[in-house]
Structure formats: structure tokens, C-alpha cells
Number of protein chains: 4
Amino acid sequence: MSVFILLNCKTYDEGTGANAVKLAEACRDVAESAGVEIAIAPQIPDIFRVASVTDVPVYSQHIDGAGPGSHTGKVYVKSIQEAGAVGSLINHSERRLTLAEIESAAEALKKNGMKSVICTNNIATTAAAAAIGPEYVAIEPPELIGSGIPVSKADPGVVTGSVEAVKKINPNVKVLCGAGISKGEDLKAALELGSVGVLLASGIVKAEDPKAALYDLVSLI
Amino acid sequence: MSVFILLNCKTYDEGTGANAVKLAEACRDVAESAGVEIAIAPQIPDIFRVASVTDVPVYSQHIDGAGPGSHTGKVYVKSIQEAGAVGSLINHSERRLTLAEIESAAEALKKNGMKSVICTNNIATTAAAAAIGPEYVAIEPPELIGSGIPVSKADPGVVTGSVEAVKKINPNVKVLCGAGISKGEDLKAALELGSVGVLLASGIVKAEDPKAALYDLVSLI
Amino acid sequence: MSVFILLNCKTYDEGTGANAVKLAEACRDVAESAGVEIAIAPQIPDIFRVASVTDVPVYSQHIDGAGPGSHTGKVYVKSIQEAGAVGSLINHSERRLTLAEIESAAEALKKNGMKSVICTNNIATTAAAAAIGPEYVAIEPPELIGSGIPVSKADPGVVTGSVEAVKKINPNVKVLCGAGISKGEDLKAALELGSVGVLLASGIVKAEDPKAALYDLVSLI
Amino acid sequence: MSVFILLNCKTYDEGTGANAVKLAEACRDVAESAGVEIAIAPQIPDIFRVASVTDVPVYSQHIDGAGPGSHTGKVYVKSIQEAGAVGSLINHSERRLTLAEIESAAEALKKNGMKSVICTNNIATTAAAAAIGPEYVAIEPPELIGSGIPVSKADPGVVTGSVEAVKKINPNVKVLCGAGISKGEDLKAALELGSVGVLLASGIVKAEDPKAALYDLVSLI
């Protein structure tokens, strides 16, 4: 089983513009050295720039299911694809979508050969997301996001419960574990609980030395 | 199997205030006469009034998952329950919710012994809704709502596909069929496609004689 | 100048259903005794019930600008009016609306001879709301709502600045002062800053003795 | 008075990615030749790319007021600025915002030396937007957007009424006229009604020859 790490730059200044490019370069170096897949989700205006200078897989932080047409300000699948993205987060807790929007966004990505990561907040919503059939579901209890307390320690049951629910509904869907993840032991624990990887942000993006933090993250696998 | 009919008053003038009470009385008369369950979903300010004068089951048109507290303007489960509602629509196409809100609304209803009807727009979202475990999922292709063209005729596959998907995910969940339903033949077709009943609105509420329209609706079962 | 007090029940259990009726009775008693206008904004399912048993002015906590039609779950002006409301809060910080929705809601109320109270968060949004021409604008810095720290003490400048801005844009609009208000000295300070009254909630609704708290509120005017 | 034309690419395929770059080049050529200011609002993932290859002023189609931090998927002012944008549309009818969001977005742009164009739907919302103090307000009756019927012809009163309302509230704010604009006579009429320019989209973006359409647009001024 291959491990998958997805680094979310959010709107941190440390992950904006030229800083996003630097983070992507750190992802590339650590991924090559450790033999794991590390992808980055920069802000949407930074997708083109990041994708132009590295071959790190680039995800959008958000996508609307909207097609071509009169959808000013919406994030259109072909626009992020042409800018260089290979997939997108959908329904992050900081950018929630309706159920219909989640489904149309996942469908738009699938039709264009791209990967979707649907974010969820508990076991029941993870089960619902799995029924839609994305590449990944990322379970992130909102109260732990940015807390520094890893979900794998604070609430391991929500991870194992999510993994079980997904297996029952759609075994092709893989589970990522998010919220409070930053260290090697967190990733190790996440994998032991049945997830295939992690979605993380501040622990790396705002670290004094992001590349060192990434090396620590992958040190126990 | 018992048939379930849910009449949505929307914000039609013909279903507002005193008119909602009259519609509820028509529902009661036809339900008793035909031996089927007919429930009504009046506007939220009308729940108390409708529930006070008939014993027709009253559903809210919307509920927020929000608990007690600082949630001005939100629809709180205990408020609609104390007003006399026995359940609620969730995520109607005219009042979409995020996935997390759908789940918390369904959970709030369940904890209070009330019934939930999650509205969906296609087979994939129906499957997702079923994973949450409501009493009912109501499949309503948005393009047919209010069209006068019954979904059972225009797109029978979305109904049978929804019934199959729900059976696989959670066989306790029952499927309602909505959009364009108004006549006896529409209800009959809906039941033949595997649903247990219908969610309908303008075909009855805006009929010249709503009680006659309800009698026609149940005439073939 | 007549003082106006508007009591928001939010979704507090202490302000739900039968408790809302009791709060309305307390408002009536204190209003009569003190000779000030005290109105109540119960939850939407409670409007009919509260308006049926007292003649305290009843406001909705929220209204959608939507007209009659296919607007399931929306709060329609005629529905709250027929239930007994005389006005509505618009755009409370816990139920924000788009600018177009705020304007259409205020317009719908005005056309039906009802009063609107547009809630705002700072001087610039207060000026914008005044340009729409409601009966009242209620300035409530969100960080002070429910804090117990009265805006009149924590940030008097936002109140006087709002009063000035409104006077310049549309002198017919009256300013209410909200957030952290609960005591007689808070109301007195609010009036001294140029507002005509207060919008308040937890300080009264969750008080051990709401009627006594209301008597204290009006004790210094 | 200098004329300002802002071309919105929406999510049209003809305005996505490499096509947005081509449109920007057409804007540049026509602007230079006609001596008017023509700016472009490509999709957000295309801002960097468009701004890198031309010196046409680039606007974002949307911005969130959100600052740096935990705001996944939001459009952060520093991100679009570093990507090369000089301003942003705010509250387009296809991407409506709450009043508080409109104000914080306009404030964020102003603080960073960027220009804001707040879109509105009628005279009252135009007045409200002017009170916030953006560079431009763009009045676009939603029913005319994409209709091919220019607002200047269908409803000239909404333009002149907007211009008057803005003059009274904040004379520093300039009015753009949108919805249905595509030809030279439309721009001429818009200027005669008191606006300083136009916001337009499909009439140019989906034209067989966008550069020729732009030449026609500026031919009568």
C-alpha cells in the first residue's frame, strides 16, 4: 500500500505565492528521498505557478461542480486542470458544500481524469461521501483542525470507524486522516488505524523549517 | 407496505396560514377515507397552527442541525417539535444544506424521536443520503420539480436506480418519489418503481379543488 | 423620543415554545409598567403562539425576500404576517444574508406595512444598511455578542460612528445598539450614545428571573 | 473622464487558460489603439498566467475578505495580488456575498492598494454599495445578464437612478453599467446615462472574433 500525504497551504502567508513554490520544492525533495507520494494544495491563484516549476502533484483547495458558462468566480474543473492541477479537495470544513455540489464536483473531476478528496467531519458523513465514490475521503473532526492534537490520538475511533464504514459502502475509496497531524508518530498512528495517509497543514506550512518537518513526518514509515 | 404521501405547501399563497389549515383538513379527510398516510409540510410559521387543529402528521419544510443557543433565525428541532411537528424535510432542492448540516439535522430529529426526509437530486446523492440513515429519502430531479411532468414517466430509471442504491447501502431507508407528481397514475407508477410514496406540492396545493385532487391521487391504489 | 427594546429569543431552550410565551408576558408587564416599547423575536415556529396570547409586538428572527412560489423552507413575509408578526430582524450575525437578499427582505416588509431591523457589524455596513431605508439598523460587533461586555462600554465609537453615518445617509433610519447589553446602565449608555434602544438576548432570556432583569434594564430611563 | 471597460471571462471555455491569455492580448491591442482602459477578469486559476504575459490590468472574478490563516479554498487578497491582479469584482450576481463579506473584501483590497468593483442588482443595493466606498459599483439587473438586451436600452432608469444615488451617497464612487452590453452603441448609451464604463462578458468572450467585437465596442467613443 502506498502512503499519500497531502499538504494544504490554506491562506497562510507562509504558503502564499513564492512561499507556495518553496513548499512544493520541499515536498518534491522529501518525496523523492523517502519514496512516498507528497502532494500540495496551494491557493487557487497559485496552482499555475506551483505546477509550472515542480512536478509535485498539485491539488486545488476547492472546486465547484459548475460547468462552462455563466459562473463568475466559480472554480471550474477545466480551469484548474489547464493550470496544472491533478485533483482537488472537496468540501473542506473551511469551505463546505451542499451534497449536490459535492457530488457534481466529484463527478466533474472523475470525467476529466482527476482525483477527488472529499473532506468529512464524522463517521456518518464519511459513509455518505464514500457512497459518491471519490478517490479519497479525508476524515477531519473540525474541533481538532489546527489544534496540534492529532486525531489519531484524540479520537482514534473516528478513524477506525470511518475506515470500516467506507469498506462496507465502497471498498475502492481510500481514507485519509486529518486534523492535528504534524509528526512522524502521527502519520504512523494514522496508517495503523487503517488510513492510507494524511491531510495536513499548519504543522508543516507554519513550521520554522518546513522541509525538516516533512522529513520528520515521513521518518517512521 | 403502507403508502406515504407528503404534501409540501412551499410558500404558495394557497398554502399559507388559514389556507394551510384547510389543506391539512383535506389531507385528513382523504387519508381517513382512503386508508393511506397523508402528511403535510406547511411553512414553518404555520406548523403550530396546523398541528393545533388537525391530527394530520405535520412536517417542517426545513430544519437546521443547530442545538439550543446562539442561533438566531435557525430552525431548532425542539422548537418545531413543541409546535407540533413529527418530522422534517431536509435539504429540499429549494433549501440545500451542506453534507455536515444534513447529517446533524437527521441526527437531531432521530434523537428527538422524529422522522427525517432527506431530499436528493440523483442516484449518487440518494446513495449518500441513505448512508446517513434517515426514515425516507425523496429523490427529486430538480429539472422536473413543478414541471407537471412526473419523474415516474420522464425518468423512471432515476427512481429504480435510487431504490436499488438505497437497498444496498441501508435497506431500512424508504424511498419517496418527487417532482411533477400530481395524479393517481403518477402515484401508482411511483409505487411500481419501488418507492413507498410521493412528495408533491403544486399539483395539489394550487389545484382548483385540492381535496378532489387528493382523491384523484389515491384513486388507483 | 420613544425607547425601543427588542428581545431576541435565539434558539435558547429558555426561549422556546411555552417559554417564549412566558417571556412575552414578562415583556408586556414591564412595557406597561415602564411605559417603553418592548418587542419580542421568538423562534419562527413560535410566532403564531406568542402573537395569539399577548399583544406584545412580535418580530421574526429572520425573513427571506422570497415571494409566493417554489421556495420550500424559506420564510415568506405573508406567512409571518398572518402568524402575527409586525416586523423582522434581517441579516442577524447568526443568519447573514447577501446584500440583494437584505434589500428584497426589507422591501417585502415595507410593502406589507411591517418593520425591518437590519443587523450590521461595523460603521461601514451600518451606512450601507441605512441606504436601504429600514425602520431600524442594529449595530452589533460580532465579537461582543453574548460576551456580557456591553458594546456601549467596549466600543462606544462604533455606536456614535454608526449614528452619525446613518444621519448622513438617511436620517429617517433609527439606530439600535446590540451585543453584550443586559443592564439598566447599558441601556442608559446606549441612549446617550445616540441610539433609540437596544437589541438583546441572553442577558434577559437566560436570566434566573427574566422579568426582574427586564425591570432592571428599564430602571434608569 | 476616462472610459473603463472590464471584460469578465466567467467560466466560458472561450475564456479559460490559454484562451484567457488570447483575450487579454486582444484587450491590450484595442486599448492601445483606442486609448481607453480595458481590463480583464479571467478565472482565478488564470490570473498569474494572464498577468505574466500582458500588462493589461487583471481583476479577480471574486475575493473573500478572509485574511491569512485557516481559510482553505478562500480567495485571499495577497494571493491574487502576488499573482498579478490589481483589483477584483465583489458580489457578482453569480457569486453573491453577505453584506459583511462585501465590506471586508472591499476593505482588504483598499488596504492593499487594489481596486474594487462591487456588483449590484438595483438602485437600492447600488446606494448601499456606494456607502462602502469602492472604486466602482457595477449595476447589473440579473434578468438582463447574458440576455443580449443591453440594460442601457431595456432599463435606462436603473442606470440613471444608480448614478444619482451614488452621487448623493459618495461622489467618489464611479458607476459601471453591466448586463447585455456588447456593441459600440451600448457603450455609448451607457456613458450618456452617466456611467464611466461597462462590465461585459459573453458579447465579447463568445464572439466569433473577440478582437473585432472589442473594436466595435469602442468605435463610437
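I began with A:Ala201, which sits in the loop between β8 (197-200) and α9 (202-205) of chain A. Helices (H or I, at least four residues) and strands (E, at least two) are DSSP runs, numbered from the N terminus. The model is predicted, so local features need pLDDT of at least 70 and side-chain atom pairs count only at pLDDT 80 or more, while totals for chains, interfaces and linings use all residues. Residues are numbered from 1 along each chain as its sequence is written, chains are lettered from A and ligands numbered from 1 in the order in which they are written, and side-chain values use heavy atoms, without hydrogens and water.

**Entry: the annotated site in chain A**

Is A:Ala201 buried or exposed? I found it buried, at 9% relative accessibility. Buried means under 20% relative accessible area, exposed over 50%, partly exposed in between (1.4 Å probe, protein chains only). I then listed its contacts (heavy atoms within 4.5 Å). Leaving aside neighbours within four places in sequence, A:Ala201 is in contact with A:Leu7, A:Asn8, A:Lys10 and A:Tyr12.

I checked the UniProt record next. Its unreviewed entry places the feature "binding site" at A:Asn8, A:Cys9, A:Lys10, A:Ile145, A:Gly180, A:Ala201 and A:Ser202. These positions span 195 residues in sequence, yet no two of their C-alpha atoms are more than 14.4 Å apart, so they gather at one spot. UniProt positions are given in the numbering used here, feature names are shortened, and annotations may be inferred rather than shown by experiment.

I located it in the loop between β6 (136-139) and α6 (151-154) of chain A. A:Ile145 is buried, with a relative accessible area of 17%. Not counting residues up to four places away in sequence, it touches A:Lys10, A:Ser93, A:Glu94, A:Glu140 and A:Ala179.

**Entry: A:Glu94 and chain D**

I followed A:Ile145 to A:Glu94. A:Glu94 lies in the loop between β4 (87-90) and α4 (99-111) of chain A. A:Glu94 is buried, with a relative accessible area of 17%. Which residues does A:Glu94 contact, beyond its neighbours within four places in sequence? I noted A:Lys10, A:Ile145, D:Ser70, D:His71, D:Thr72 and D:Lys74.

I looked for polar contacts: pairs of N or O atoms within 3.5 Å; within protein, one must be able to donate a hydrogen and the other to accept it, and residues adjacent in sequence count only if both atoms are side-chain atoms. One of 2.7 Å joins the side chains of A:Glu94 and D:Thr72. A polar atom of the A:Glu94 side chain also lies 3.3 Å from the backbone nitrogen of D:His71.

**Entry: symmetry of A and D**

A rotation of 180 degrees with 0.0 Å of shift along its axis does it, RMSD 0.0 Å. The two copies are thus related as by a two-fold rotation axis. The same surface serves both, as 100% of the contact residues of chain A recur in chain D. Of the residues of chain A, A:Pro45 comes closest to the axis, at 2.4 Å (C-alpha).

Most residues other than glycine have a negative phi. I found a positive phi, near 70 degrees, at B:Asn91. B:Asn91 lies in the loop between β4 (87-90) and α4 (99-111) of chain B. B:Asn91 counts as buried at 3% relative accessibility. C:Asn91 has a positive phi of about 70 degrees, and its relative accessible area is 2%, buried.

Terms used:
Copies are superposed by least squares on the C-alpha atoms of residues with pLDDT of at least 70 in both.
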